[in-house]
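Good morning, everyone. Please have a look at the structure on the screen. I will walk you through a few residues.

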Amino acid sequence: KPGFHQGMVLKHHCSQNYATNGVTSAVVKEVARRCQVPLQEFVIRQDQPCGGTIGPIIASQLGVMTADIGGAQLAMHSCRETTDTTSVTHAVSLFTGFYEHLSGVLSGLSFK
């Protein structure tokens, strides 16, 4: 389970209810490594339903590489939704890192 103050969360689901796939997961992991941003992975069990996000819809319609990334949260969409303060710093560093490192990461990918 993702924990507070332990890094950004990269979400996966086998039915693609989240936008992350194998390629985008690898890209996010490499950018996070280069930026020295801690990254946690969260995988929903196959037998558990989960709410989808708008990410898969946008990715399928626009053809844009997409990954579901966010800060660790407790009680999402509830009046008691809680998150941690370090996720903001990690998010800024990771998203800034995409602009700095994405072209280098993509040029290093090999699909053999």
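Let's start with S25. Its relative accessibility is 5%, so S25 counts as buried. Bear in mind that this is a predicted model.

Where does S25 sit? It is part of helix α1.

Now, which residues is S25 in contact with, if we leave aside its neighbours within four places in sequence? There are four names to note: L10, H12, T20 and E41. You can find them on the screen.

Next, a pair. Take S25 and S107. In sequence, 82 residues separate S25 from S107. In space, their C-alpha atoms are 16 Å apart.

Let's move on to backbone angles. A bit of background first. Most residues other than glycine have a negative phi. Keep that in mind for the next two residues.

Here is H5. H5 is not a glycine, yet its phi is positive, about 60 degrees. Look for H5 in the segment before β1, the strand that covers 8–12. Is H5 buried, exposed or partly exposed? Its relative accessible area is 49%, so H5 is partly exposed. The cut-off for exposed is over 50%.

And here is Q36. Q36 is not a glycine either, and its phi is positive, at about 60 degrees. Which elements lie on either side of Q36? Q36 belongs to the loop between α1, residues 22–35, and β2, residues 39–43. Its relative accessibility is 72%, so Q36 counts as exposed.

To recap: S25 is buried, H5 is partly exposed, and Q36 is exposed. Thank you.

Technical notes
Residues are numbered from 1 along each chain as its sequence is written. This is a predicted model: local features need pLDDT of at least 70, side-chain atom pairs count only at pLDDT 80 or more; totals for chains, interfaces and linings use all residues. Side-chain values use heavy atoms; hydrogens and water are left out. Helices (H or I, at least four residues) and strands (E, at least two) are DSSP runs, numbered from the N terminus. Buried means under 20% relative accessible area, exposed over 50%, partly exposed in between (1.4 Å probe, protein chains only). Contact means heavy atoms within 4.5 Å.
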